[in-house]
Amino acid sequence: MTDPDRPDYPIDEAVEAADGQPVAPVSQTRRRVLALGAAGAGAVLSIRPALAQTAGSVLTCQIPVPDSGRAGSFIAPDGSTVPAGTKGAFAPPGRPFQGEDVKRAMAGGRLPGTTYESNRAYVNYIRRLQRGQGGFTCFASLQMPRG
Amino acid sequence: MRFRAAPADALLQASLDPFTAVFHRPSGQTHLLVSPAPEMLAALADGPLSLSDLHDALAAAFQLEDAEGLADRMAELVAAGLVTAEPAA
Amino acid sequence: MRHSVTVRVGPAAFRVGADWRSPIEQLRDLYRDYPAFGGVPDFTVSLSAARPWRRWIRPSVAIGGDFTLPEAAPLPLAHGLLAAEMAMNLQMALGWRRHLLLHAATVERDGRALILCGESGAGKSTLAAMLHRTGWRLLGDEFALIDPATGDVHPFPRPISLKNSSVALLRDHGRWGSLLTGTPKGDIRHLIPDPASIAAMTRPAVPALLLFPRFGFDAAAREVGGSEGFVRLTTASTNYTGLGEAGFRTLTRLVHHVPMAAIDYPDTDVALTLIEELWR
């Protein structure tokens with residue numbers, strides 16, 4: 001970043017001060033400024049793979065709650081999976097949720113066929129999905145901004 | 001502790017003012033770097049340096065501001081895999 | 001699969017098989033102006049019954065093929081044509097490696113290509129159809145194929161699926177597929193590209209301008225610089241990462257050589273005006 005007030009060339013000729021008196025010659029080279037503070041986000045941005053783009057824009061997708069690896073488990077209010085019949089947890093919905101329904105629920109709506117509490121439990125489950133779990137790709141694609 | 005940059009033939013670089021796009025061949029990852037990251041990588045081109053030696057090398061070529069940020073910037077480069085930390089010789 | 005057809009769009013050939021006759025017949029009709037293809041297809045796509053009884057009872061199409069996503073929602077048989085289109089898109093998005101793919105519509109005039117980059121629902125298909133109607137050659141409405149060796153954009157001119165509101169704007173022009181009602185995207189119809197565009201589907205063009213259009217805002221246009229464009233295009237590409245070095249070289253070259261701009265528009269007429277101004 002070049003400071004316009006500091007030229008990039010050696011200044012070794014005599015320089016006059018503002019009152020007209022000569023001052024000692026300046027022989028050091030002016031170098032460009034390098035700021036190491038990197039205000040804001042930092043100096044390195046890594047490009048993340050656009051896996052979610054693939055799914056979201058070419059297909060309507062669905063999210064099973066829970067995924068097939070945990071079929072039969074109940075969903076606790078915080079979204080974790082617990083053994084069937086656990087007190088306070090909710091039975092899984094009968095069928096997967098469609099992408100559009102999940103998107104609406106993320107924005108404050110309610111998943112079809114749910115109560116306030118069971119909706120919150122299922123949404124928390126979905127929010128906790130990790131790569132490799134069924135429904136993750138669909139969920140990730142819903143997060144990508146459109147347009 | 002010294003810091004070693006990825007060798008020159010492990011990187012592809014393209015200038016996208018004001019950023020520099022860098023492709024790291026071993027990982028297949030792409031990063032966008034902004035000053036002072038490209039200058040730091042260039043200063044490590046001839047071999048690994050400690051943070052204080054890197055500071056001196058940069059100070060010889062540039063007028064440094066916020067010099068205490070050097071460690072944080074180095075941490076970013078290490079996290080991205082473009083620089084590795086190794087024990088001092 | 002009991003019923004099948006092979007279609008070729010640009011450089012890619014798809015063999016589509018189905019458990020039912022109707023989607024295959026609809027595909028045959030939609031692609032009847034396209035050259036016949038007798039070679040080995042690049043991709044196989046299957047439209048099969050989601051469960052054995054789903055072949056007859058509330059028939060439901062599960063999308064399959066060389067490349068699949070396990071979470072794809074099945075579609076009713078009435079929307080089988082849409083299922084086929086989605087399946088072909090998925091093969092390209094996940095499996096095509098010969099070009100860098102961008103989610104973009106592309107049109108061409110005088111050998112120079114205009115690339116309109118945006119996600120599904122961003123309005124690029126409608127813009128492409130409108131420009132095509134005013135005489136631009138259509139190279140594609142969903143994917144722009146960028147050649148890693150030359151930087152040219154290669155055509156992938158499949159029939160454009162348009163929402164009914166857009167159809168009304170263009171109804172008097174061109175050949176259309178049948179109306180599909182109640183799909184996840186609403187009522188849609190396919191506009192078949194004109195014979196000249198189909199005949200030219202192996203002829204690439206040099207990209208001259210790349211736009212990021214945004215529908216539903218007051219008219220505005222601003223230049224997009226190299227870094228911003230590069231980042232936006234990595235998110236608009238389905239295979240940038242998969243192409244590795246070739247992806248990096250292709251995209252940095254595109255960004256170096258092609259001017260880019262973002263345009264906001266409240267309606268398509270305004271968009272066309274903005275585009276004409278930027279095209280000069």
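Two strands are taken to pair if DSSP finds at least two bridges between them. Helices (H or I, at least four residues) and strands (E, at least two) are themselves DSSP runs, numbered from the N terminus. The model is a predicted one, so local features need pLDDT of at least 70 and side-chain atom pairs count only at pLDDT 80 or more, while totals for chains, interfaces and linings use all residues. Residues are numbered from 1 along each chain as its sequence is written, with chains lettered from A and ligands numbered from 1 in the order in which they are written.

Chain C comes first. It holds 9 helices and 17 strands. Its radius of gyration, taken over C-alpha atoms, is 18 Å, close to the 19 Å that the globule rule (2.2 Å times the number of residues to the power 0.38) gives for 280 residues, so chain C is as compact as a globular protein of that length. The C-alpha trace spans about 55 × 45 × 35 Å along its principal axes. Among the contacts in chain C with a separation of 6 or more, 67% are between residues 24 or more positions apart.

Now for an open sheet in chain C. Five strands make it up in the order E1-E2-E3-E4-E5, with mixed pairing. Strand E1 (3-9) and strand E5 (75-76) of chain C sit at the edges with a single partner strand each, so one side of each has no neighbour in the sheet. Within the sheet, strand E2 (residues 12-18) of chain C runs parallel to strand E3 (residues 43-49) of chain C, and 5 bridges join them. Ala18(C) stands opposite Leu47(C) in E3(C). Helix H1 (residues 22-30) of chain C packs on the sheet, where it touches E1, E2 and E3 of chain C and makes about 30 degrees with the direction of E1(C). Helix H2 (residues 80-95) of chain C lies across E2, E3, strand E4 (60-65) and E5 of chain C, at about 140 degrees to E3(C). For these angles, axes are lines fitted to C-alpha atoms, for helices over the stretch in contact, and values run from 0 to 180 degrees between N-to-C directions.

Further along chain C, strand E14 (residues 186-192) is mostly covered, with 5 of its 7 residues buried. Strand E11 (residues 160-163) of chain C pairs with E14(C) in the antiparallel sense over 4 bridges, and Ser161(C) has His190(C) as its bridge partner there. Strand E12 (residues 175-176) of chain C is also antiparallel to E14(C), over 2 bridges; here Arg175(C) is partnered by Ile192(C). A hairpin through 2 residues joins E13(C) to E14(C).

That leaves chains A and B. Here 24 residues of chain B are in contact with 15 residues of chain A. Strand E4 (29-33) of chain B supplies the largest share of the side touching chain A, 5 residues. Strand E3 (residues 33-35) of chain A and E5(B) pair in the parallel sense over 3 bridges, and Val33(A) stands opposite Gln63(B) in E5(B).

Key: Two residues are in contact if their C-beta atoms, placed from the backbone, lie within 7 Å. A residue is buried if 20 or more other C-beta atoms lie within 10 Å of its own, exposed if 12 or fewer, and partly exposed in between; C-beta atoms are placed from the backbone.
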